[in-house]
Amino acid sequence: MLGAMSGEGELRIRGITKEDYDYVVSVLDRWWGGPAGQRAHPMFFYELGTDALVAEEDGKVVGFLLGFVASQAEAIGYVHLVGIDPHHRRRGVGQRLYERFEARCRKAGVRRLKAIAAVGNDGSVAFHEALGFLAEEVSDYAGPGRSRMVFTRDLTGTH
Ligand SMILES: CC(C)(COP(=O)(O)OP(=O)(O)OC[C@H]1O[C@@H](n2cnc3c(N)ncnc32)[C@H](O)[C@@H]1OP(=O)(O)O)[C@@H](O)C(=O)NCCC(=O)NCCS
């Protein structure tokens, strides 16, 4: 279990605000190391914001998680996008965000968590596997010839 500290200060996980969202949009390309601005679609703030989280350390946003609970026959907690400031990686920030999201999902009766990533995003695969997700490459997931890594984690029977 990783500790509550990211770096120098104490880490706080809280709901996203418009100011946070604006900041995330401004740093996304840098944090991803390439064009990524489109991924933080505004609907994740305006329409789905209650499950969107940020990690803050000493008043600075060092990570975020944009997710939501999809109420299908089986409720799923879906993580659309997670990103951590490159200067704050491998310090447990991503794990803390997922733990908070998972807790919110459990309260909402969610039985399965799901996330996806581009094929070849080995860091994301290693991260999700470390958090207990099963990783599977699914052909044509995002349309013809567009495979994705699909991560799932069953919440039934685990605490
Ligand atoms: C993937 C990402 C969210 C991980 O966040 P993080 O805060 O650095 O992850 P954590 O510190 O919580 O890592 C928890 C565990 O996951 C594994 N892990 C995380 N990143 C890893 C990497 N790049 N390579 C190998 N293992 C990794 C490790 O086992 C780690 O534990 P350890 O550091 O004690 O060994 C972060 O690297 C990131 O923002 N990447 C760019 C955006 C991205 O690819 N997002 C995911 C797809 S949407």
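**Around the ligand**

A: Happy to! Among the 20 residues around the ligand, the ones that come nearest are R89, G94, G123, A126 and A130. Two or more residues of that shell come from each of β4 (76-84), α3 (93-107) and α4 (122-130). Please keep in mind that this is a predicted model.

Q: Which element gives the most to the shell around the ligand?

A: That would be α4, with five residues.

Q: And how do the residues of the shell divide into nonpolar, polar and charged?

A: There are 10 nonpolar residues, seven polar ones and three charged ones in the shell around the ligand.

Q: Let's stay with α3 for a moment. Which of its residues are buried?

A: V93, G94, R96, L97, Y98, F101 and C105 are buried in α3. G94 also belongs to the residues that come nearest to the ligand.

Q: What covers the buried residues of α3?

A: The cover includes β1 (11-15), β2, β3, β4, β5 and α4.

Q: How far does α3 reach from its first C-alpha to its last?

A: It reaches 22 Å with 15 residues, close to the 21 Å expected at 1.5 Å a residue. Just after α3, G109 takes a positive phi of about 80 degrees.

Q: New topic: the largest nonpolar core. Which residues touch the most other members?

A: L53, F64, L65, L66, L97 and F101 do, out of 33 residues in that core. At least two core residues each come from α1 (18-32), β2, β3, β4, α3, β5 (112-118) and β7. With six residues, β3 gives the most. As background, nonpolar side chains in soluble globular proteins tend to be buried together.

Q: What does L66 touch, leaving out residues up to four places away in sequence?

A: On that count, L66 touches A40, F44, A52, H80 and L81.

Q: Where is V110, and is it buried or exposed?

A: V110 sits in the loop between α3 and β5. It counts as buried because it has 22 C-beta neighbours inside 10 Å, and the cut-off for buried is 20 or more. Leaving out residues up to four places away in sequence, V110 touches V69, A75, I76, G77, C105 and L155. C105 is one of the buried residues of α3.

Q: How far apart are V110 and R14?

A: They are 96 residues apart in sequence and 20 Å apart in space, C-alpha to C-alpha.

Q: Back to α1. Where is its kink centred?

A: The kink in α1 is centred on S26 and is about 40 degrees. The end C-alpha atoms of α1 are 21 Å apart, which agrees with the 21 Å that its 15 residues should span at 1.5 Å a residue. Just after α1, G33 takes a positive phi of about 75 degrees.

Q: Which residues have a positive phi although they are not glycines?

A: D58 has one of about 50 degrees, and D140 has one of about 60 degrees. For context, most residues other than glycine have a negative phi.

Q: Where do D58 and D140 lie?

A: D58 is in the loop between β2 (53-57) and β3 (60-70). D140 is in the loop between β6 (134-138) and β7 (148-154).

Q: Why do D58 and D140 count as exposed?

A: D58 counts as exposed because it has 12 C-beta neighbours inside 10 Å. D140 counts as exposed because it has 10. The cut-off for exposed is 12 or fewer.

Terms used: Residues are numbered from 1 along each chain as its sequence is written. This is a predicted model: local features need pLDDT of at least 70, side-chain atom pairs count only at pLDDT 80 or more; totals for chains, interfaces and linings use all residues. Helices (H or I, at least four residues) and strands (E, at least two) are DSSP runs, numbered from the N terminus. A residue is near a molecule or strand if its C-beta atom, placed from the backbone, lies within 6 Å of it. Ala, Val, Leu, Ile, Met, Phe, Trp, Tyr, Cys and Pro count as nonpolar, Asp, Glu, Lys and Arg as charged, and the others, Gly among them, as polar. A nonpolar core is a set of buried Ala, Val, Leu, Ile, Met, Phe, Trp, Tyr and Cys residues joined through C-beta atoms within 7 Å. Two residues are in contact if their C-beta atoms, placed from the backbone, lie within 7 Å. The expected span of a helix is 1.5 Å times one less than its number of residues. The bend at a residue is the angle between axes fitted to the seven residues ending there and the seven starting there.
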